[in-house]
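Please read it alongside the sequence and the structure shown below.

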Amino acid sequence: PGSSPCRSVIMGAKAVGVELNKKLLNLQAGEHLTPEFLKINPQHTIPTLVDNGFALWESRAILVYLAEKYGKTDSLYPKCPKKRALINQRLYFDMGTLYQSFANYYYPQLFAKAPADPEAFKKIEAAFEFLNTFLEGQTYVAGDSLTVADIAILATVSSFEVAKFDISKYTNVNKWYENAKKVTPGWDENWAGCLE
């Protein structure tokens, strides 16, 4: 529940009407390193989806898979190559910039009791500046309706909120965030996971 990537998959599944059979792994106890789990996912990362014997990990890939396989329409991941390219760009931005800035700043403090690194904090601010620019005049992060990119970024931004990062300084992000919380299926479960 504390993992943004896991929460994004939960919201994505809700958006396409898929009921997940969730398995909670205790990472501190090494449950992701058991032979059974390594057989499913040798990279031993979470989330991992197993769909009728097909195993897939990396939350953004799972979001795309769920939208393509189970979406009633293509609204979450449109077939148009330009729309899809923009969604992909935002998914990669989330993975490599926005979520990465969260991990680089907060994880050492949480897991290694390291002091806050001001340089890592500057990367968070830069990531939010980019996101704020992407959202100029936009209601959604990649186009004119909710997509898997909004779902992934919503999970990440909600983690920043619970970590007490001041989102309100970024007007466009703040406006998008308030709307995304209302229109994204599974928001309540996402927020409950954040608070956990």
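In this predicted model, residues 1-74 are 42% helix and 11% strand, with the end C-alpha atoms 28 Å apart. Residues 80-196 are instead 74% helix and 0% strand, and their end C-alpha atoms lie 38 Å apart.

**Packing of α1 against α3**

- Helix α1 (residues 4-16) and helix α3 (residues 59-70) cross at roughly 5°, and their axes come within 9 Å.
- Angles under 35 degrees count as roughly parallel, and α1 and α3 are therefore roughly parallel to each other.
- On the α1 side the contact is formed by P5, S8, V9, G12, A13 and V16, and on the α3 side by S59, I62, L63, L66, A67 and Y70.
- By class, the residues of this contact between α1 and α3 comprise 9 nonpolar, 3 polar and no charged.

**Packing of α4 against α5**

- Helix α4 (residues 81-112) packs on helix α5 (residues 118-134) at an angle of about 155°, the axes being 8 Å apart.
- Because angles over 145 degrees count as roughly antiparallel, α4 and α5 are roughly antiparallel to each other.
- The crossing of α4 past α5 is left-handed.
- From α4, the contact draws on Q89, R90, F93, T97, L98, S101, F102, N104, Y105 and Y106.
- From α5, the contributing residues are A120, F121, K123, I124, A127, F128, F130, L131 and F134.
- The contact of α4 with α5 contains 13 nonpolar, 4 polar and 2 charged residues.

**Packing of α5 against α6**

- The axes of α5 and α6 are 13 Å apart, and the two helices pack at an angle of about 135°.
- This angle makes α5 oblique to α6.
- As α5 passes α6, the crossing is left-handed.
- I124, F128 and L131 of α5 meet I153, V157 and F160 of α6 in this contact.
- The residues of the contact of α5 with α6 divide into 6 nonpolar, no polar and no charged.
- I124, F128 and L131 of α5 are also among the residues that form the contact with α4.

**Aromatic pairs**

- The structure contains 20 aromatic pairs.
- One of them joins Y106 and F160, whose ring centres are 6.3 Å apart and whose planes stand at 70°, so the pair is edge-to-face.
- This pair connects distant parts of the chain, with Y106 in helix α4 and F160 in helix α6 (residues 148-162), 54 residues apart.

**Backbone geometry in the loops**

- I46 and P47 are joined by a cis peptide bond, with omega about 0°.
- P47 is located in the loop between α2 (35-40) and β1 (48-51).
- K113, a residue other than glycine, has a positive phi, near 55°.
- K113 belongs to the loop between α4 and α5, the two helices that pack at about 155°.

Methods
Residues are numbered from 1 along each chain as its sequence is written. This is a predicted model: local features need pLDDT of at least 70, side-chain atom pairs count only at pLDDT 80 or more; totals for chains, interfaces and linings use all residues. Side-chain values use heavy atoms; hydrogens and water are left out. Helices (H or I, at least four residues) and strands (E, at least two) are DSSP runs, numbered from the N terminus. Axes are lines fitted to C-alpha atoms, for helices over the stretch in contact, and angles run from 0 to 180 degrees between N-to-C directions. Angles under 35 degrees count as roughly parallel, over 145 as roughly antiparallel, 65 to 115 as roughly perpendicular and the rest as oblique. A crossing is left-handed if the near helix is turned anticlockwise from the far one by less than a right angle, and right-handed if clockwise. Contact means heavy atoms within 4.5 Å. Ala, Val, Leu, Ile, Met, Phe, Trp, Tyr, Cys and Pro count as nonpolar, Asp, Glu, Lys and Arg as charged, and the others, Gly among them, as polar. Rings of Phe, Tyr and Trp (its six-membered ring) pair if their centres lie within 6.5 Å; planes under 30 degrees apart count as stacked, over 60 as edge-to-face and the rest as tilted.
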